[in-house]
Amino acid sequence: MGARGWVSVNGTGKNREGDGVVMQKAVVFGAGAVGRGFIGQLLSEAGWFVTFLDVQPDLVKHLAMEGSYPHVTVTNDDSERTLIRPVTAIDARDTGAACAALLEADLAVSCVGARVLPAVADTLATAVSSRIAAGLAPLDVLLAENLHGASTVMRGLLSDRLPDLGSDELDAAVGLMETSIGRMIPAPDPSRVGSDLTAVFVEPYKMLPYDDTARRGALIDVPGLVADTSVPFAFYGDRKLYVHNLGHCMTAYLGEVAGATTIAEAIAIPAVRYFVRSAMVESAVALASTYSVSLVDLLAHVDDLLHRFGNRALGDTVARVGREPLRKLAAHDRLLGALDLAAAYGLPGHHLSLAVAAGAHRVLRTEGWDEHQLWSHLEVSLADSVLEPRRQLLASQIDALKRGFDYNAQIALIEKAYEPSHIV
């Protein structure tokens with residue numbers, strides 16, 4: 001059945017089908033990989049009606065007409081195809097229609113990417129103002145964005161657009177809940193999607209931690225949405241960046257040098273897997289120290305990620321995962337940030353150094369930088385206390401990668417830099 005079979009109930013924000021089933025409503029900014037591949041599935045399986053806001057006319061038209069889309073979960077051994085429904089879609093540039101949907105929404109979700117957040121804020125600001133005027137409940141917004149500090153960014157954008165609304169009033173009217181997106185959803189393969197532009201392929205993992213302390217409305221009862229208040233939510237953001245993202249792009253960079261095309265091929269190379277896991281473990285130890293969480297659980301998370309990297313059916317490429325190396329080599333991002341965190345706890349970080357070297361080698365090879373530009377960047381982005389003790393090792397690791405991926409050569413460099421511990 002298409003979305004036309006679902007009707008609003010007295011503008012209350014609930015929907016029902018002909019059999020009288022009452023549904024909660026969500027408005028999702030972005031009908032892309034995260035929107036359809038992750039958010040749509042979680043909400044649909046929990047019995048919600050989903051309205052997507054997007055700017056791709058063909059995609060919007062198809063979702064609105066069909067009221068559903070194919071969703072395929074793939075592993076190395078099997079695949080499961082389901083139909084996500086009921087859904088509809090609105091052109092995000094139709095501000096009136098988008099705001100009307102947000103007036104009836106129980107929840108909003110943003111999954112558009114950092115560059116599009118100002119446009120999302122334009123629509124949200126109008127909707128929040130209208131909800132306040134109508135005396136409606138606060139609007140909670142899940143920020144399903146791969147952006148550190150997404151709530152701070154969005155709060156600033158909304159504040160700029162609602163200058164007459166005080167800080168406390170804004171905080172009471174909208175809940176900006178950060179999330180940590182762990183599901184891997186590669187770009188659709190045309191050979192598998194065929195003529196259906198709404199089909200999406202994903203891995204089985206579908207847990208979405210979110211910051212429930214920022215919620216302003218009713219409890220969100222959606223299986224898969226994880227509200228863990230035992231740790232600061234920043235833990236989940238740092239775990240994603242310094243374990244998942246770190247390991248993913250290190251796999252891409254080392255795999256590329258080793259001649260692999262996909263992430264699954266790369267992580268299947270024993271030497272690549274060894275170095276990637278070692279770097280992820282060094283980062284995990286630093287995170288366990290930072291947040292006083294179980295190292296055992298973090299190590300289990302590392303091994304689960306390595307298993308998931310090996311999902312051949314996803315077809316994720318080293319080129320896609322490794323793109324934008326300059327961004328990934330920025331201060332406090334997955335490579336330099338993880339090395340910095342390890343140094344803060346006195347960890348040697350020799351394998352994290354190799355992760356940085358792999359990113360630096362990618363920049364030198366593809367971005368037109370020379371050695372002087374690279375080291376200038378590292379000197380600005382890393383404190384002397386972090387860079388100086390590692391400068392020689394890092395330089396040697398980069399030089400070794402220029403000659404190809406050689407396990408023995410990299411092990412020899414790490415052994416040469418090794419210093420015995422003070423553990424009795």
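The expected span of a helix is 1.5 Å times one less than its number of residues, a handy rule for the first of these views of a predicted model.

**View 1. Helix α15, from residue 350 to 366.** Helix α15 has 17 residues, and from its first C-alpha to its last it reaches 24 Å, close to the expected 24 Å. Most of α15 is covered, with 15 of its 17 residues buried. Look just after α15 to find Gly-368, which takes a positive phi of about 75°.

**View 2. The second largest pocket, with a volume of about 720 Å³.** Among its 26 lining residues, Pro-348, His-350, Ala-417, Tyr-418 and Glu-419 are the closest to the centre. Two or more lining residues come from each of α10, α15, α18 and α19. Which element gives the most to the lining? That is α19, with six residues. By type, the lining of this pocket divides into twelve nonpolar, seven polar and seven charged residues.

**View 3. An aromatic cluster formed by Phe-233, Phe-235, Tyr-236 and Tyr-291.** The structure holds eight aromatic pairs. The ring centres of Phe-233 and Tyr-236 are 6.0 Å apart with planes at 35°, so this pair is tilted. Both Phe-233 and Tyr-236 are buried. For Phe-235 and Tyr-291, the centres are 5.5 Å apart and the planes at 70°, so the pair is edge-to-face. This pair links distant parts of the chain, 56 residues apart: Phe-235 is in helix α8 and Tyr-291 in helix α10. Phe-235 counts as buried at 6% relative accessibility, and Tyr-291 is buried with a relative accessible area of 17%.

**View 4. Arg-308 over the face of Tyr-205.** Here Arg-308 lies 3.8 Å from the ring centre of Tyr-205.

Notes. Residues are numbered from 1 along each chain as its sequence is written. This is a predicted model: local features need pLDDT of at least 70, side-chain atom pairs count only at pLDDT 80 or more; totals for chains, interfaces and linings use all residues. Side-chain values use heavy atoms; hydrogens and water are left out. Helices (H or I, at least four residues) and strands (E, at least two) are DSSP runs, numbered from the N terminus. Buried means under 20% relative accessible area, exposed over 50%, partly exposed in between (1.4 Å probe, protein chains only). On a 1 Å grid over the protein atoms alone, a cavity is a set of points where a 1.4 Å probe fits but cannot get out, and a pocket is an open set with protein on both sides within 12 Å along at least five of seven lines; lining residues have an atom within 4 Å of a point. Grid points are joined across faces, edges and corners, and a volume is the space filled by probe spheres set on the points. Ala, Val, Leu, Ile, Met, Phe, Trp, Tyr, Cys and Pro count as nonpolar, Asp, Glu, Lys and Arg as charged, and the others, Gly among them, as polar. Rings of Phe, Tyr and Trp (its six-membered ring) pair if their centres lie within 6.5 Å; planes under 30 degrees apart count as stacked, over 60 as edge-to-face and the rest as tilted. A charge sits over a ring if NZ of Lys or CZ of Arg is within 6 Å of the ring centre and within 35 degrees of the ring normal.
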